[in-house]
Amino acid sequence: MKQAVTIFLVALTIFILSSFTYDQKLNESIKRGKEVYALYCQNCHMEDGKGTPEINPPVAKADYIKKPAKTLINIILKGQSGEVVVNGKKYNTIMPA
């Protein structure tokens, strides 16, 4: 019985410590993402992500963001040109990579 309790406590301790590590890594990732957005995206999509009316589409609350992750990553890495429809509105501005 003592051995089972000891094993349980060790496992619980490992779980708790790993969750703190996960939270720290997640927070660091979010911080890096904010920095990248500020450097490369904010000029067109604005700080709040609402875009520039009639010119650059929003990214905040955009139905376009529901595309597969691979598609969105390719758009970010390779850029995009041509007409897109976001939240029912048409945009036709070149997005650089």
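Me: Let's start with Tyr91. Leaving out residues up to four places away in sequence, what does Tyr91 touch?
Reply: This is a predicted model. In it, Tyr91 touches Thr52, Glu54, Ile55, Asn56, Pro57, Pro58, Gly82, Glu83, Val84 and Val86, with residues up to four places away in sequence not counted.

Me: Which residues make up the largest nonpolar core?
Reply: Seven residues: Ala62, Tyr64, Leu72, Ile75, Val84, Val86 and Tyr91. Helix H2 (69–78) and strand S1 (84–86) each supply at least two residues of this core.

Me: Why would nonpolar side chains be found together?
Reply: In soluble globular proteins, nonpolar side chains tend to be buried together.

Me: Back up a bit. How many helices and strands does the chain have?
Reply: Two helices and two strands. Along the sequence, the pattern is α-α-β-β.

Me: And how much of the chain is buried?
Reply: Buried residues are 14% of the 97 in the chain.

Me: What about contacts between residues at least 6 apart in sequence: what share join residues at least 24 apart?
Reply: That share is 26%.

Me: Asn56 was on the Tyr91 list. Where does Asn56 lie?
Reply: Asn56 is in the loop between helix H1 (2–45) and H2.

Me: Buried or exposed, and why?
Reply: Asn56 counts as buried, because its relative accessibility is 11%. The cut-off for buried is under 20%.

Me: What does the side chain of Asn56 reach?
Reply: The backbone oxygen of Cys44, at 3.5 Å. Beyond its neighbours within four places in sequence, Asn56 is in contact with Cys44, Gly51, Tyr91 and Thr93.

Me: Tell me about His45. Where is it found?
Reply: His45 is in helix H1. His45 counts as buried, since its relative accessibility is 10%.

Me: Which residues does His45 touch, not counting those up to four places away in sequence?
Reply: Tyr37, Lys50, Gly51, Pro57, Val59 and Met95.

Me: Met95 again. Where is the place of Met95?
Reply: Met95 is in the segment after strand S2 (89–91). Met95 counts as partly exposed because its relative accessibility is 27%.

Me: What does Met95 touch, leaving out residues up to four places away in sequence?
Reply: His45, Ile75, Ile76, Gly79 and Gln80. Of these, Ile75 also belongs to the largest nonpolar core. His45 and Ile76 are among the residues closest to the centre of the largest pocket.

Me: How far apart are the C-alpha atoms of Met95 and Ser81?
Reply: They are separated by 6.2 Å, and the two residues are 14 apart along the chain.

Methods. Residues numbered from 1 in each chain as written. Predicted model: local features only at pLDDT ≥ 70, side-chain atom pairs only at ≥ 80, totals over all residues. Heavy atoms only, no water. Helix = DSSP H or I, 4+ residues; strand = E, 2+ residues; numbered from the N terminus. Buried < 20%, exposed > 50% of the residue type's maximum accessible area, 1.4 Å probe, protein only. Contact = heavy atoms within 4.5 Å. Core = buried A, V, L, I, M, F, W, Y, C linked by side-chain atoms within 4.5 Å. Polar contact = N/O pair within 3.5 Å; in protein donor to acceptor, adjacent residues only side chain to side chain. 1 Å grid on protein atoms, 1.4 Å probe; cavity = no way out; pocket = protein on both sides within 12 Å on 5 of 7 lines; lining within 4 Å.
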